[in-house]
Amino acid sequence: MKRALAVDDSATMRNLVKMALESEGFTVDTAENGQEALQLAKKNTYDIVISDINMPVMDGLQFLKEFREMNKRTPVLMLTTETEARKKEEAKRLGATGWIVKPFKPEDLVKVVKRVVR
Amino acid sequence: MKYLIKFRLGKSVFERAIDPRFYIEDLQELGKADVKIIKENIPEPDEEPTDEHRFEADVLLETDRSLDEIKEILEFILEDGVEIEVLEGEQKEKKEETTEKRAEVPQALLENYKLETEEILSRLRESLEELYSDPGSLELINDVFRSFHTLKGNTGLILSYGEEPNLKYIHEITHKAETVLQKARDTGIGLSQRQVEILQELVDRLDDLFLAFSEGKEEDAEDVFQLLEELGSSVEKKEELKQGEGLPSDISALLNVASQYVPVYRELCTKEELTEEEEDFFRRSLVTLYKVTKELGFEDLNKKVKDLQNSFGNVDFKEFCENLEELARDLQKLVESKSAEAKKEEKREDKKAFDASKYVSKSKYLKIEEGVIQDLMDIVGELSVFKEWIYLFANKLQKFYGVPDAAKELKDNMHRFRSLMDSLQRTILEMRMVPVSTLFERFPKLVRDLSRTLGKKVKLEIEGGETKLDKVIIEKIAEPMIHLVRNAIDHGIETPEERESLGKPIEGHIRIRAFQEGGSVVIEVSDDGRGIDVEKVRKKAIEKSLYTEEELSQMSEEEILQIIFQPGFSTKDQATELSGRGVGMDVVANTVRELGGEVSLQTQKSLGTTVRLILPLTLAIRKILLVRIGEVTFGIPAEDVGEVFRIGREMVKSLKGVKVVYHRGRVLELDFINERLGVKSTANGTLTLLIDNSLSKGVVVDEVLSTIDTVVKPVPSVLQTSEEISGITILGDGSIVYVLEVLK
């Protein structure tokens with residue numbers, strides 16, 4: 001069974017990602033910020049990580065940077081908004097596999113996830 | 001449609017954990033695909049990607065899908081070495097989006113959304129309140145930004161299932177607010193207090209909209225656009241201001257460019273050989289620097305840049321780098337000196353911001369229990385009594401103990417002690433002060449809600465929110481203030497139709513204003529409504545047997561109007577027929593008087609009404625009436641005294657053993673406190689009466705001397721000999737006066 005990590009400070013978003021991926025047979029862990037996510041990522045191996053950018057304590061880009069330092073091969077999708085075009089570039093530079101523009105529906109998410117993990 | 005899609009992917013793609021083969025598979029699913037792999041060296045799952053790793057392939061694809069659809073699939077690698085050529089077929093217009101079906105939002109998601117929105121709104125309210133006291137705090141701005149950001153994201157999600165009018169408003173508001181906050185945060189400029197106010201109003205509106213959404217109603221929120229506009233435009237204004245005060249924008253552009261280039265120059269100069277891109281960078285960056293330095297008139301720098309441009313590629317790279325290093329140092333110096341200037345500027349701004357929030361008793365500063373401040377105040381009170389004692393002791397040393405030198409030394413140092421005591425006292429007083437905006441901020445919502453339920457159109461204007469007042473006073477007048485505003489809308493402001501027929505603007509106007517006037521703070525609630533009809537007040541007063549017709553005929557209009565502040569004048573059901581103020585005005589008046597303040601009222605028929613609350617700045621300082629009884633001076637809190645009245649001794653009657661006088665048609669019980677205090681009265685034929693606010697008893701004194709503003713201290717336990725004495729105060733000459741609360 002594939003395992004995913006969903007990182008977002010919004011409980012609504014976290015649960016949406018969880019719901020969507022669980023319906024595709026993933027086991028989903030969640031974290032509220034980059035720091036929590038890093039701790040989980042050190043303990044467990046994930047097949048995919050989906051992370052918001054704007055979060056307290058440690059934001060998504062910093063998390064991505066630190067995550068990539070220890071793991072180059074796990075796809076990471078960033079949740080962005082249309083207004084964050086600049087951050088998309090930054091995320092790519094830091095090693096993001098792709099991104100999903102908010103708002104999105106569960107089926108959109110699943111589509112993108114299937115594009116990067118098999 | 002026929003496409004040729006070329007994949008030329010390298011290390012950077014693998015570093016992002018992308019497996020290009022998935023994309024090939026996806027393309028194969030779209031139609032007939034002819035895949036030609038040119039090079040396939042993909043790192044293993046546990047392998048570090050290197051420059052050796054490449055993936056090159058050409059895919060010839062025949063499909064009915066549009067170019068946009070293919071681009072969408074390849075989105076993540078489109079700019080990283082993928083080319084799409086359209087070989088055959090018209091490049092179709094983007095397929096018209098199939099009208100989306102309104103989908104049902106999953107219940108769990110909706111529940112989540114509602115729960116979190118409530119949390120976010122309440123967090124926003126808290127953060128904004130703190131931000132109001134400290135509008136420059138980037139940390140708080142970031143908190144608020146994040147809340148708006150999250151709410152926007154969540155709302156967008158629910159909206160993606162189908163349109164909902166309330167949520168659309170919420171989305172719009174949060175989006176705009178987020179943009180402004182982001183700017184305020186990223187530029188480091190912060191917000192103005194007005195902007196925080198607007199944000200607070202917007203949060204109120206979000207609250208309304210969210211409620212409407214939850215209840216399935218529709219809330220009209222067109223009014224938010226004006227707020228949003230004001231929110232945004234004021235940000236720009238402030239920014240302009242800062243740029244004007246600080247550096248010209250083109251200098252900061254140079255600084256910006258320079259601080260980016262310098263580190264890159266240094267890094268590249270450590271290399272043996274440059275790539276084409278790196279050479280290109282040198283050329284381009286020098287062109288930019290040349291332009292900017294020329295425009296700004298930095299001639300030295302400009303010449304250096306020009307020399308470098310000429311020498312690049314012509315001289316040894318090492319030599320070029322040495323010259324470049326020189327330029328880099330110059331640039332860095334410039335950056336440092338300019339940013340030091342800018343910092344100074346910033347500091348000045350910081351200082352200003354700090355001043356404004358000097359008296360903040362909440363937010364990040366420190367929360368102190370009110371009781372602690374009160375204790376502190378009492379201790380200082382006792383200390384200052386002790387201070388007077390030391391002063392007296394110095395006199396004694398001189399006169400009775402015969403040590404004039406010691407007395408002089410002590411006295412000399414007493415001055416310093418006194419001024420320290422005074423500033424200590426002032427500082428503690430300041431700790432109790434909070435801006436009245438903490439009270440005012442609830443009015444916009446109140447006014448909106450009330451005008452909606454009462455079918456009135458009302459515009460609210462608030463002024464002087466920064467005026468500071470004792471926290472206890474603010475808490476006490478909250479209820480009466482709400483009362484006044486409610487009355488103004490309910491009874492003052494006419495219906496839109498009525499206003500129109502009177503030729504008034506359809507929208508009624510309520511103004512709440514606070515300002516300091518001498519030692520008092522005045523709070524006014526004005527409306528441009530129908531005003532109070534004096535005739536009706538007169539009639540009602542007779543009806544309620546508060547006054548006789550004869551008495552009323554002796555009274556001025558102003559005095560008659562004051563009747564509405566008397567208990568028993570109005571009750572709820574009469575308020576509406578009495579085209580003016582009504583409900584519980586006596587409660588308002590009482591509260592204010594208890595605080596040592598006054599209420600006054602001005603009204604003009606069909607022009608409106610203004611109620612003024614005149615409040616003491618602080619409760620720690622009280623107005624005291626100094627009176628003489630015999631040879632002794634006593635103090636009586638002025639707020640307890642309703643009237644001072646002199647009578648001849650012969651007017652005192654005895655009623656069932658109690659001494660009374662008739663005054664204004666009432667029987668007043670007299671209190672000869674000199675007897676209780678054991679002081680001999682020197683009054684002869686005329687008695688001076690201090691009458692309480694409810695006109696039920698009179699205290700007899702010999703003479704009223706004056707009123708003073710002073711700090712009343714609790715009685716030190718050694719002096720606590722009589723229960724009539726509620727406190728002591730010290731006069732300028734150092735004499736101690738007992739304060740009597742005999743009229744309470």
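The structure is a predicted model, in which local features need pLDDT of at least 70 and side-chain atom pairs count only at pLDDT 80 or more, while totals for chains, interfaces and linings use all residues. Residues are numbered from 1 along each chain as its sequence is written, chains are lettered from A in the order in which they are written, and side-chain values use heavy atoms, with hydrogens and water left out.

Chain A contains five helices and five strands; helices (H or I, at least four residues) and strands (E, at least two) are DSSP runs, numbered from the N terminus. Along the sequence, these elements follow the pattern β-α-β-α-β-α-β-α-β-α. Of the 118 residues in chain A, 61% are buried, a term for under 20% relative accessible area, with a 1.4 Å probe and protein chains only. Contact is defined as heavy atoms within 4.5 Å. Among contacts in chain A between residues at least 6 apart in sequence, 61% join residues at least 24 apart. Chain A exposes about 4800 Å², and carbon and sulfur atoms supply 46% of this area; accessible areas come from the Shrake-Rupley method with a 1.4 Å probe.

The description now turns to the interface. Here 40 residues of chain B are in contact with 39 residues of chain A. The size of an interface is often given as the accessible area lost when the parts come together. Between chain B and chain A the buried area (the accessible area, with a 1.4 Å probe, that two parts lose on being put together, summed over both) is about 3400 Å², and carbon and sulfur atoms give 52% of it.

Five salt bridges are counted between the two chains, each being a side-chain nitrogen of Lys or Arg within 4 Å of a carboxyl oxygen of Asp or Glu. In one salt bridge, the side chains of B:Asp80 and A:Lys92 meet at 3.2 Å, N to O. On the side of chain B that touches chain A, the elements giving two or more residues are α2 (20–28), α3 (67–73), α4 (107–133) and α5 (138–159) of chain B. Among these, α5(B) gives the most, with nine residues.

B:Asp26 lies in helix α2 of chain B. This residue is buried, with a relative accessible area of 14%. Apart from neighbours within four places in sequence, B:Asp26 is in contact with A:Arg115, A:Arg118 and B:Ile73.

Methods. Buried means under 20% relative accessible area, exposed over 50%, partly exposed in between (1.4 Å probe, protein chains only).
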